[in-house]
Amino acid sequence: MDTGFPTQDAQTDFSRARRRQALSRLARRLRREPDDVSQILPFDEVVEALGRRGERRLGLQTIPLDSIVGTVDRSREFDRRFRPTSRRVRRRWQGIAEAMRRGESMPPIRVYRVGDLHFVEDGHHRVSVARQLGLEVIDAYVTEIQTEVGAGRETLPRHLPLKSHERLFFERVPLPPEARSRIELADEWRYASLAECVEAWGFRLMQARGE
């Protein structure tokens, strides 16, 4: 329970967040889940796999905190739910938590939007504290990245090779959106096999029609 003293409560908040991260890691091991289930998504690798087409600035928006699952930063100081993974962030984390508990306003964070996902450019600690305090939304300056293929909130690091092959398939086999949505393969190499079959069929069809 809160004591009503922001400094003491901020310290407790951080300890609780670290404890939850540690218990979550232990639970995953007991359930034999893959390590990347809680791994924060790397922005550059996701965009490379999906294929970048362009970007546009959307300005200030209010976004759901649970849609923020990635980072532009290469550090691993937070997990996918933005719980701190080490004590190195304690001082800054507690300072922000104390300020928020005192009712001080926080500047909007900066994020990139890719599909249904958001990646933090600036504001990792604010996101972490907000989630620990039970908030559901946060103000953010949003830049949308347009990609060749989409990504949902269930996307994990191990899905990126599959997404990359999906993108390459649609580059080799251009299809309208309604046809694209009907093709979902679980093995990345099947995209390559399917593309080869389509190209072979197209070659035979050109020979048969003489055009």
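First, the ground rules. The model is predicted, so local features are taken at pLDDT of at least 70 and side-chain atom pairs at pLDDT 80 or more, while totals for chains, interfaces and linings use all residues. Residues are numbered from 1 along each chain as its sequence is written, and side-chain values use heavy atoms, with hydrogens and water left out.

Six strands make an open sheet with mixed pairing, and the order across it is β1-β3-β5-β4-β6-β2. The edges are β1, residues 41-42, and β2, residues 52-64; each has a single partner strand, so one side of each has no neighbour in the sheet. Two strands count as paired if DSSP finds at least two bridges between them. In general, strands of a sheet pair through backbone hydrogen bonds, either parallel or antiparallel.

Both senses turn up around β6, residues 137-147. With β2, strand β6 pairs in the antiparallel sense over 11 bridges. Along that pairing, R52 stands opposite T147, and I63 has I138 as its bridge partner. With β4, residues 109-114, strand β6 runs parallel, joined by five bridges. There, R110 has Y141 as its bridge partner.

T62 sits in strand β2. Is T62 buried or exposed? T62 is exposed, at a relative accessible area of 51%. The cut-offs are these: buried is under 20% relative accessible area, exposed is over 50%, and partly exposed is in between, with a 1.4 Å probe and protein chains only. Apart from neighbours within four places in sequence, T62 is in contact (heavy atoms within 4.5 Å) with V137, I138 and D139.

The other is E136, in the loop between α4, residues 124-132, and β6. E136 is exposed as well, with 67% relative accessibility. Leaving aside neighbours within four places, the contacts of E136 are I63, P64 and L65. From E136 to P6 is 130 residues along the chain, and their C-alpha atoms are separated by 21 Å.

Now the helices. Helix α1 has 25 residues, and its end C-alpha atoms are 36 Å apart, which agrees with the 36 Å that it should span at 1.5 Å a residue. The expected span is 1.5 Å times one less than the number of residues. Buried residues of α1 include A10, F14, A17 and Q21. As background, an α-helix has 3.6 residues a turn, so residues three or four places apart point the same way. Among the elements covering the buried residues of α1 are α3 and α4.

D9 belongs to α1, residues 6-30, and is buried, at 4% relative accessible area. Not counting residues up to four places away in sequence, D9 touches D2, T3, G4 and R101.

On backbone angles, most residues other than glycine have a negative phi. R32, after α1, has a positive phi, near 60 degrees. F82 also has a positive phi near 60 degrees. F82 lies in the loop between β3, residues 68-71, and α3, residues 90-101, and is buried at 1% relative accessibility.

Helix α5, residues 160-172, has 13 residues and reaches 19 Å between its first and last C-alpha, close to the expected 18 Å. Its buried residues include L160, L162, F169 and F170. They pack against α2, residues 43-50, α6, residues 177-180, and α7, residues 188-209.

Notes. Helix = DSSP H or I, 4+ residues; strand = E, 2+ residues; numbered from the N terminus.
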